[in-house]
Amino acid sequence: MSQETHHEHPTPSQYWKIAALLAVLTAIEVSMFYIDHALGLGIFNAVILITLSAVKFLMVVGWFMHVRFERPLISRFFTAGFVLACALYLVVLTALGVVAVRG
C-alpha cells in the first residue's frame, strides 16, 4: 500500500480571510472599470484586470479547490490549462485588434 501524506487544510478563519481578499480584488476590478472611463488607461487597464483575474484564479484553485494539497500531476494539469487559457485569450485579443502585434 502506498503511504499518503496528510496536509493541514485551512481553518475557517483562513477561508474568511481568503474570501475577504477575493472580495477586495473584485472591488478593485470593478473600480478599474470606472477609473478607465475617467482616465482612459487603455492597455494598462487591461493588463491590470488580467493580472487581478489571474491572481484570483490561482487563489480559488489553490485554496478553495484544494489543488495545492493534491498530487503534483493534478497541479500540472491546472497549470497547463491556465497557460493555454491565457494563450487563447491573447490570440482572441490580437484577432479583435485589442492587442497590437508589431512585426
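Visitor: Read along the sequence, what pattern does the protein chain follow?
Guide: Welcome! This is a predicted model, where local features need pLDDT of at least 70, side-chain atom pairs count only at pLDDT 80 or more, and totals for chains, interfaces and linings use all residues. With helices (H or I, at least four residues) and strands (E, at least two) taken as DSSP runs numbered from the N terminus, the protein chain has 3 helices and 0 strands, and its pattern is α-α-α.

Visitor: What percentage of the residues of the protein chain count as buried?
Guide: Here buried means under 20% relative accessible area, exposed means over 50%, and partly exposed lies in between (1.4 Å probe, protein chains only). The protein chain exposes about 8100 Å², with 71% supplied by carbon and sulfur atoms (Shrake-Rupley method, 1.4 Å probe; for residues, only the protein chains shown count as cover). Of its 103 residues, the buried share is 16%.

Visitor: How far does helix 1 reach from its first C-alpha to its last?
Guide: Helix 1 covers residues 12-39, which makes 28 residues. The expected span is 1.5 Å times one less than the number of residues. For helix 1 that expectation is 40 Å, and the model comes close to it, with a reach of 40 Å.

Visitor: Which helix do the buried residues of helix 1 pack against?
Guide: Those buried residues are Ile 18, Leu 22, Leu 25, Glu 29 and Met 32. Contact here means heavy atoms within 4.5 Å. By that rule, their packing partner is helix 2 (43-64).

Visitor: And which helices do the buried residues of helix 2 pack against?
Guide: Helix 2 has 22 residues and reaches 31 Å, close to the 32 Å expected. Its buried residues are Asn 45, Leu 52, Ala 54, Lys 56, Met 59, Val 61 and Gly 62. They pack against helix 1 and helix 3.

Visitor: Which side chain makes a polar contact with the side chain of Lys 56?
Guide: Lys 56 lies in helix 2 and is buried, because its relative accessible area is 18%. Leaving aside neighbours within four places in sequence, Lys 56 is in contact with Leu 22, Leu 25, Thr 26 and Glu 29. A polar contact is a pair of N or O atoms within 3.5 Å; within protein, one must be able to donate a hydrogen and the other to accept it, and residues adjacent in sequence count only if both atoms are side-chain atoms. For Lys 56, the partner at 2.8 Å is Thr 26.

Visitor: How many aromatic pairs does the structure hold, and which one is edge-to-face?
Guide: Rings of Phe, Tyr and Trp (its six-membered ring) pair if their centres lie within 6.5 Å; planes under 30 degrees apart count as stacked, over 60 as edge-to-face and the rest as tilted. The structure holds 2 aromatic pairs. The edge-to-face pair, at 5.2 Å centre to centre and 80 degrees between the planes, is Phe 33 and Tyr 34.

Visitor: Why does the pair of Phe 57 and Phe 82 count as stacked, and how many residues apart are they?
Guide: The pair is stacked because the planes of the two rings are at 10 degrees, with centres 5.0 Å apart.

Visitor: Is Val 67 buried or exposed?
Guide: Val 67 is in the loop between helix 2 and helix 3. Not counting residues up to four places away in sequence, Val 67 touches Val 61, Gly 62, Ile 74, Ser 75 and Phe 78. Because its relative accessibility is 8%, Val 67 counts as buried.

Key: Residues are numbered from 1 along each chain as its sequence is written. Side-chain values use heavy atoms; hydrogens and water are left out.
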